[in-house]
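Subject: Structure handover

Hello,

Here is the structure for you to look through. My notes follow below it.

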Amino acid sequence: MRGTLALLCAVTTALVLTPAPALAHDTLLSSTPEDQQALPSAPDEVRLTFSGPPMDVATAVLILDSAAEPVTTTEPLVDGHEVSVELPSDLADGGYAVRWRVVSSDGHPISGALTFQVGEGGPPPPDLEAAPPDESDDGGAVAGPSTTLAPPREAVLALVGALIGVLLYAAALRLRRPRSQHTPTEQEVR
Ligand SMILES: [Cu+2]
């Protein structure tokens, strides 16, 4: 019994602690405007299409003008595989950057950025390498999954795994303790 419980404990802990790399993040399939697209006039919205439906949690789509100042938009709308924000109607000619961050359908945060140009002869998009001031907690979310965004799921799973391991170990100890403690007592009585 004790061996079985110890084995179960070890297997459970190993299973829970092992990351699951087989689950792939969602990826950005396309966007409107497309990355580096030059538009004759300002678009009404920015729309991002992902390979899976992002979770409607902590979704952020930040539009920056050529001076890297945020443009006022609507709150990001998550609809199936798409995330969109509406842009103001008086968007000036010039370059813009789109910085996005969504929680992938597998629970991992993913982020990226793209640029587009409105009109001709306007200022270029902001430098994407320069970290925007209001995303300092994002550690440079230029493209792809950010390594600074530690997947919280793994941390929670590791904690749960450790807890299950401790509980199973305690259960195993409790199961064998009465026998081993009673035996010497009975021998002492005799
Ligand atoms: Cu993932």
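Start with the metal site. The donor residues of the copper ion follow the spacing H-x80-D-x1-H in sequence. They are His25 (ND1), Asp106 (OD) and His108 (ND1), at 1.9 to 2.0 Å. Donors here are N, O and S atoms within 2.8 Å of the metal (3.2 Å for Na, K and Ca); water is not among the atoms, so sites may look incomplete. His25 sits in the loop between α1 (2-17) and β1 (28-32), and His108 in the loop between β7 and β8, so the pair ties together parts 83 residues apart in sequence. His25 is partly exposed, at a relative accessible area of 30%. His108 is buried, at 6%. (Buried is under 20% relative accessible area, exposed over 50%, partly exposed in between, with a 1.4 Å probe and protein chains only.)

A word on the basis. This is a predicted model: local features need pLDDT of at least 70, side-chain atom pairs count only at pLDDT 80 or more, and totals for chains, interfaces and linings use all residues. Residues are numbered from 1 along each chain as its sequence is written, and side-chain values use heavy atoms, with hydrogens and water left out.

Now the fold. The chain has 2 helices and 8 strands, in the pattern α-β-β-β-β-β-β-β-β-α. These are DSSP runs, numbered from the N terminus: helices are H or I with at least four residues, strands E with at least two. Buried residues make up 34% of the 190.

β5 and β6 pair over 3 bridges; strands count as paired if DSSP finds at least two bridges between them. Asp79 stands opposite Glu82 in β6.

Last, the cores. A nonpolar core is a set of buried Ala, Val, Leu, Ile, Met, Phe, Trp, Tyr and Cys residues joined through side-chain atoms within 4.5 Å. The largest has 20 residues, and Val46, Val61, Ile63 and Phe116 touch the most other members. Elements giving two or more residues to this core are β3 (45-50), β4 (55-64), β6 (82-86), β7 (94-103) and β8 (109-118). Apart from it lies another core of 5 residues, including Leu62 and Leu128.

Best wishes
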